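Here is a short briefing on helix packing. Look over the sequence and the model first.

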Amino acid sequence: MSENQSSWIDLRSDTVTRPSPAMRAAMHAAELGDDVYGDDPSVNRLQDYAADLFGYEAALFAPSGTQSNLLALLSHCGRGDEYIAGQEAHTYKYEGGGAAVLGSIQPQPLQNQADGTIALEDIAAAIKPDDFHFARSRLLALENTIGGKVLSLEYTGAATSLAHERGLATHLDGARICNAIVKLGISPREAVRGFDSVSVCLSKGLGAPVGSVLCGDKALIAQATRWRKMLGGGMRQAGGLAAAAQYALGHQMARLAEDHDNAERLAHGLRQIDALSVQTPQTNIIYADLPAAACAGLDSLLRQHGIIARVTPHMRMVTHLDISAADIDKVLAVFKTFFNNWKTESNIS
C-alpha cells in the first residue's frame, strides 16, 4: 500500500476502519486510571455500559476478540474438558488453537450447514456421556454472524436450550453480533438471549481501533479477569481505548445498515459480470467466485486504482464505515473494465 493509506479503498476486512473525528475527541477527553487495579474510570464505564446493553451482570474489556473468546473458553472449561463448535468457527479454526494450547481444552468441531448453523442433532450426538474414557463436554460455542450469515433467534434459542438441558454452558462469539442485531431489527439483549457469555468485538464494523468486551455473570467475569492478567491482557491506562470502544457501541451500531446496503450494491454490480458467481450477502461480507487465471491481473489493476482486496478464486470482500457508495461504484467500474478486457483476451488466445 502507498504511504497515504487512508486514500485506499480497503475491502480486506472491517478491521481496517479508522477512528472518526468524534471518536478521537472522545479518546482525547477520556479519564484515565490503572485498569489492572480496577480504577480506570473510562474502562469501568465501558464495562458497565456493555453489561447493561447486552443484559449481563458484568463485562470485561480485553485487547482483542481472540483474547475475549479465549477468556470465555478458559473460564467455562477446565483441563480435559471439551467445547463444541462449528468447523468454520473462529474459536476453532482462526484463533491459533489457543484453547487447546493454553487451556488443554479439547475442541469438538462439527460441520456447519450452508446457513451457518450446526444441526441440532449433530450437537446432541457430540455431547459425551459421563465416562472417564471421554473428555467432559462442558460448552457449546456458536458464532453470529458467521461468514456474514445471520443465525436466527429461533435457531439460537433451540441450540442454547438443548445445551442447557444437557448440562452444557453456552458462549457466543459475537464478533459481528451488532451486524446481526441491525439485520434482524432486534435489541442487543434479544440477540444474545440464551447465552451464558458473549464476546463483542469493537474493532470491526463498529470502528474502534482496539478491543473487545466479554459479558457474563460476575463469577465468570472474575475468573476471566484472572485469565486476562495471566495472558498479558491487563492494559493499565486503557481509558482512551475504552472511550473509543464506548463511542463505537453507543453511536455506530445503527449505521451498520449502510455497510449492508453497500455490500448488496457491490454484489448486485458484480452479478452483471458473466465470469463471476456471487453470493447474496446478508450483512457486510460478500463472496465471489472468479477464474483463478484472472486473480493476479485483477489484483494488479485494483491496486493501480487505489483498491486493495484479497483476490483469490473464492474472494471475500467486506464493507465498512470507511467505504462509501461512491467507492463501491469505483470498485465495480474497475471489475467491469478488467473482465471486459480479460474476456476479449481469453477469446483471442
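The buried residues of H11 are covered by elements including helix H1 (21-28), helix H2 (41-54), strand E2 (58-62) and helix H8 (177-184). This is a predicted model: local features need pLDDT of at least 70, side-chain atom pairs count only at pLDDT 80 or more, and totals for chains, interfaces and linings use all residues. Residues are numbered from 1 along each chain as its sequence is written, and side-chain values use heavy atoms, without hydrogens and water.

**H11 itself**
- Helix H11 has 13 residues (239-251), which at 1.5 Å a residue should span 18 Å; its end C-alpha atoms are 18 Å apart, so the two agree. The expected span is 1.5 Å times one less than the number of residues.
- Buried residues (under 20% relative accessible area, 1.4 Å probe, protein chains only) of H11 include Gly-239, Gly-240, Tyr-247 and Leu-249.

**H1 against H11**
- H1 and H11 pack at about 140 degrees, with axes 8 Å apart. Axes are lines fitted to C-alpha atoms over the stretch in contact, and angles run from 0 to 180 degrees between N-to-C directions.
- H1 is therefore oblique to H11. Oblique is what remains after roughly parallel (under 35 degrees), roughly antiparallel (over 145) and roughly perpendicular (65 to 115).
- In the contact (heavy atoms within 4.5 Å), Ala-22, Met-23, Ala-26 and Met-27 of H1 meet H11 residues including Gly-240, Leu-241 and Tyr-247.

**H8 against H12**
- The axes of H8 and helix H12 (residues 256-270) come within 9 Å and cross at roughly 80 degrees. The pair is therefore roughly perpendicular.
- Cys-178, Asn-179, Val-182 and Lys-183 of H8 meet Leu-256, Ala-257 and His-260 of H12.

Technical notes: Helix = DSSP H or I, 4+ residues; strand = E, 2+ residues; numbered from the N terminus. Buried < 20%, exposed > 50% of the residue type's maximum accessible area, 1.4 Å probe, protein only.
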